[in-house]
Amino acid sequence: MSELLLELFCEEIPARLQVRAADDLRRLVVDGLKARGLDVGAARSYVTPRRMTLVIADVPEMSPAISDERKGPRVDAPEKALQGFLKAAGLASVDEAEVVKDEKKGDYYVARIEKPGRPAAEIIAEALRETILNFPWPKAMRFNAKLAGGGELRWIRPLHSVVLLLDGAVVPFEIAGIASGNVTRGHRFMGGEPFTVTGFDDYVAKLRDRKVILDFAERVAVINEGANALAKDAKLSLVEDEGLAAENAGLTEWPTVLMGTFDKSFLDVPAECLTSAMRMHQKCFSLRHGKKLANRFLLVTNLEAEDGGKVIVAGNEKVIAARLSDAKFFWETDLKKTLDDMRDELKGITFHEKLGTQFERTERIKELADTIAEEQELCEAALALRAGELSKADLVSGMVGEFPELQGLMGRYYAEAERMNPEIARAIELHYKPKGPTDSVPLESEGDGAAVAVALADKLDMLVGFWTIGEKPTGSGDPYQLRRAALGVIRLVLENDLRLPLLRYTVPALAFMHGNIGGRNASKERADIQEQLLASPVSIATKLQVVSELGQMNAPSQSVVEQIVYEAHTKAVDLLSFFADRLKVYLRDKGARHDLIDAIFSLPGQDDLALIVKRVEALSELLATDDGVNLLAGVKRAQNILSIEEKKDKTSHAGDYDAALLQADEEKVLAAAIDKVKDDTAAALGVENFAGAMRALAELRAPVDAFFDKVTVNADDPALRQNRLHLLSQIRAATLNVADFSKIGS
């Protein structure tokens, strides 16, 4: 078995693409070899700014010979069928095929194809050519490299050389005038002379001698270790940033960390602004002295300078000073305006062409935040209303315009500069949270009740708005990150243990937005209700009152306003289904079964996320017991019998049983048990004792088992059969108070 070494040497590959590109190279080459019958051992890929490297172990000298048998048409088949068979089998004539005798179906042709093994070098060259020509760069460039068959070779940056060795010997390969060899180069400035390699170990060692660290992870480690060491020497602490370390590793082949300084006057600017300016523009790390930002920074260079890096540091200090001056200018300029002034400017900022401006959005957010804060008792409603009102004001600030990742945070700083209530300032900062599955969630228990209210209002408004205009996520895309918004609502509700019925808030909001966007006019007799419904701003409570006055939601009516509310309710139910899917993802990550979530969500009126989770937990605990497993089997048996008989009879057998027709002791006991379970589960559910409801349900296990052991449902007497089917329907009805067992997998 031999070792395969491949290096594709080119101009600098963008840092953000390197790791993915190395993985793609390994996958494509290995898949290409295996598709051609060459099974290989472990493959490892590496990347630096100027090279992608692949080493594969245990490469055989040849692919194995293949013996294949292809069955053809009958000997008396039409000429067209025979010619198709010969072409597919690679035969010149039927004389090269064998005839197999078959008295029943007739004689037919068989092609026996023997394919000899191929040299590994030949297969490697084919697979590499296919890989290079079809490499999935997001965007490749032309660089005057002409392909033999016409056209130009495209690569992320100009490709200069290809090292391709099999067990130390060069594998013949050529593409666009670039021939394979055993020669490469080291560091651009500290080891650029060509040198030859004989294998991977030799390659890695010679690269290191020429100031190239091949392993990306090692370069990241070098940067982190160097940064921490310099920080420690200066009695400072590093502002850890793994993303920045990885980016610098993608910019350097021989990373060297140096320290620079900037004027202390810049420290009057919020630390995050300075950190963002240094990170974004110069890829520099920040340092702290205690909890405060220090007037030092760390840079990563790709050189070991003879002067110890003095010139490099001086150049970076000059650029950093200019960048921090810009940040200071933005800060001082922004402070000349109040957040209310900034909010007025939102009238000229479009959120979405169909959903209005950012100003109009803050009107909706503040109103919903006010209602949530009051009804959930999160904080003084006025605090949430004010925070919602100013939540997007900093979007027009110069600082956020330069550093969008600071939105929310800068709003907090501007609010603090105006000496606003600290809870309002915190809510402006935290209302974007959680930004992802690992991000923290604002908690009412930690004094961030206003932040919770505004965060919920912000995300619900996003979902309601895009559901109104039909811009829902698809299997291939979610451009407005609505899945993240829904997951954010779920985490905010569950981690704060809130009772937030989703329909309670989404139906009126959808009705309001649908009415405004649709531009409809109500009939004269409903004009007063239409005015309430479409007025802006209008409280959620008022909208709910309007909805209740309209009444009918099960079918559209002639009233335009009722039609609006009906359509809003329909969309809200669809949005609830979307929440169910997101809740499945959330709970599945925590080990819950998705079918149990379906079993609960299938029940009518399930829009309270916290209660759904508690029901799922109680159902999971029940099904972990023998009683639960056996009860599930019994209930499913009852449901299957009902389904079969209802389909056969073309009628529903739901209904009350007749006690006078109960004959067997087992059906009498079951009937009594059903009546008791109905009462017990209703009582338990009434006080939200879901574990108690499940325990009550488990009492059906023994009577159900006994019934099916001793009683024949399809009795000869039609009345008796009907009554027993009604009894089975009561099992279904009793369990449907707690969960839809038909949704639960066995």
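A search of the whole structure, a predicted model, finds 13 aromatic pairs. Phenylalanine 466 and tyrosine 480 make up a stacked pair. Phenylalanine 466 belongs to helix α15 (residues 449–468), whereas tyrosine 480 lies in the loop between α15 and α16 (482–495). The pair therefore ties together parts that are 14 residues apart in sequence. The two partners are described by separate burial classes. Phenylalanine 466 has 2% relative accessibility and counts as buried, because the cut-off for burial is under 20%. Tyrosine 480, at 29%, counts as partly exposed.

Helix α15 also contributes tryptophan 467. This residue forms an aromatic pair with phenylalanine 578. The geometry is tilted, with 4.8 Å from centre to centre and 50° between the planes. Phenylalanine 578 is part of helix α20 (residues 560–589), so the pair ties together parts that are 111 residues apart in sequence. Tryptophan 467 is buried, at a relative accessible area of 4%. Phenylalanine 578 is buried as well, at 10%.

Elsewhere, Tyr46, Phe200 and Tyr203 form one aromatic cluster. Aromatic rings also face charged groups. The charged end of arginine 210 sits over the ring of phenylalanine 195, at 4.3 Å from the ring centre. Likewise, lysine 71 places its charged end over the ring of tyrosine 108, with 4.7 Å to the centre.

The model also contains an open sheet of three strands. The strand order is β4-β6-β5, and the pairing is antiparallel. Strands β4 (66–74) and β5 (98–100) stand at the edges. Each has a single partner strand, so one side of each is left without a neighbour in the sheet. From one strand to the next, the twist averages 30°.

Seven bridges join β4 to strand β6 (residues 108–115) in the antiparallel sense. Within this pairing, isoleucine 66 has lysine 115 of β6 as its bridge partner. Helix α2 (residues 79–89) lies across β4 and β6. The helix runs at about 175° to β4.

Note on methods. Residues are numbered from 1 along each chain as its sequence is written. This is a predicted model: local features need pLDDT of at least 70, side-chain atom pairs count only at pLDDT 80 or more; totals for chains, interfaces and linings use all residues. Side-chain values use heavy atoms; hydrogens and water are left out. Two strands pair if DSSP finds at least two bridges between them. Helices (H or I, at least four residues) and strands (E, at least two) are DSSP runs, numbered from the N terminus. Axes are lines fitted to C-alpha atoms, for helices over the stretch in contact, and angles run from 0 to 180 degrees between N-to-C directions. Contact means heavy atoms within 4.5 Å. Rings of Phe, Tyr and Trp (its six-membered ring) pair if their centres lie within 6.5 Å; planes under 30 degrees apart count as stacked, over 60 as edge-to-face and the rest as tilted. Buried means under 20% relative accessible area, exposed over 50%, partly exposed in between (1.4 Å probe, protein chains only). A charge sits over a ring if NZ of Lys or CZ of Arg is within 6 Å of the ring centre and within 35 degrees of the ring normal.
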